[in-house]
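The entries follow in the order I checked them.

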Amino acid sequence: MKVLLTGGGGRLGTELRTLLPGVVAPPSATMNITDISQVMSVVKFEKPDIIVHAAAFTDVKLAETKRTECWSVNVEGTRNMVQAANEVGAILFHISTDYVFSGELGGYKESDTPGPTVNYYALTKLIAEEAVRCAEKYIIVRTSFRPREFQYPIAFSDVYTSQDYVDVIAPDIALAINLSSRITPSILHIATERKSVYELARRRNTKVTSGLKAQAGVPLPGDVSLNCDRWEDIKHSLLPII
């Protein structure tokens with residue numbers, strides 16, 4: 001299958017390019033996802049079987065003051081990718097986020113109703129999910145990942161997540177891409193076990209100190225941990241036993 005990747009220069013995209021041999025990852029100068037004419041031109045030329053849409057505006061704090069830019073990338077850009085995927089009959093494999101949930105409960109399943117969102121970034125990603133449902137063939141993957149190293153001096157002990165480091169998450173994302181023709185349409189939660197952000201940070205940065213989400217300067221959900229049982233079941237049922 002031919003795979004076209006948006007956001008190939010980003011945190012997840014960089015990992016996926018090493019895990020998916022032959023992936024086509026046009027730079028933003030060639031295919032700006034907010035420019036429908038560029039998107040359609042590239043997609044019609046490449047004729048991919050799968051479009052992995054990993055490009056996004058992901059700075060949660062900056063999104064509050066750069067709302068127009070965040071909306072353009074996360075919502076309008078996604079709508080453009082939906083249109084392009086439908087044009088060539090491709091599966092749209094969309095990277096979403098655990099932030100579509102309110103964070104009041106944790107342990108969220110794919111069938112749980114998302115929202116209400118607690119910040120603008122989360123709102124745009126939730127609206128993007130609804131846009132993706134207009135694709136003829138789609139997979140929405142809710143996930144969350146950090147760079148390979150935790151780069152901040154403080155990590156929040158009152159924010160709970162199934163987030164992990166990108167080199168831990170990316171192989172499962174790549175596997176889901178390879179299996180996508182067998183599991184579409186679908187929503188998948190791909191992450192790891194529930195823990196606080198502080199606990200996650202300490203795994204790779206023992207000097208990090210504990211903080212509280214009130215210090216973030218932007219509203220954050222308290223517990224967006226994900227139930228990933230469905231993905232584990234898919235792996236066990238579709239992968240050969242070695």
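I set the charge-over-ring rule first: NZ of Lys or CZ of Arg must be within 6 Å of the ring centre and within 35 degrees of the ring normal. The model is predicted, so I took local features only at pLDDT of at least 70 and side-chain atom pairs only at pLDDT 80 or more, while totals for chains, interfaces and linings use all residues. Residues are numbered from 1 along each chain as its sequence is written, and side-chain values use heavy atoms, with hydrogens and water left out.

**Charge over a ring.** I looked up which ring R194 lies over. R194 sits over the face of Y160, at 4.2 Å from the ring centre.

**Aromatic pairs.** My rule takes rings of Phe, Tyr and Trp (its six-membered ring) with centres within 6.5 Å; planes under 30 degrees apart are stacked, over 60 edge-to-face, the rest tilted. I got 3 aromatic pairs by this rule. One of them joins Y99 and Y121: the centres are 6.1 Å apart and the planes are at 70°, so I logged the pair as edge-to-face. This pair links distant parts of the chain. Y99 is in the loop between β3 and α5, Y121 is in helix α5, and 22 residues separate them. For elements I used DSSP runs, numbered from the N terminus: helices are H or I with at least four residues, strands are E with at least two.

Buried means under 20% relative accessible area, exposed over 50%, partly exposed in between (1.4 Å probe, protein chains only).

I then noted F101 with Y108, a stacked pair. Their centres are 4.2 Å apart, with 5° between the planes. F101 is buried at 0%, and Y108 is buried at 5%.

**Backbone.** Where did I find cis bonds? One runs from G115 to P116, with omega near -5°. P116 is in the loop between β3 (91-97) and α5 (120-132). Another runs from T184 to P185, with omega near -10°. I placed P185 in the loop between α6 (166-179) and β9 (186-189).

Last, I checked K47. K47 is not a glycine, yet its phi is positive, about 50°. The loop between α2 (36-46) and β2 (50-53) holds K47. K47 is exposed, with a relative accessible area of 57%.
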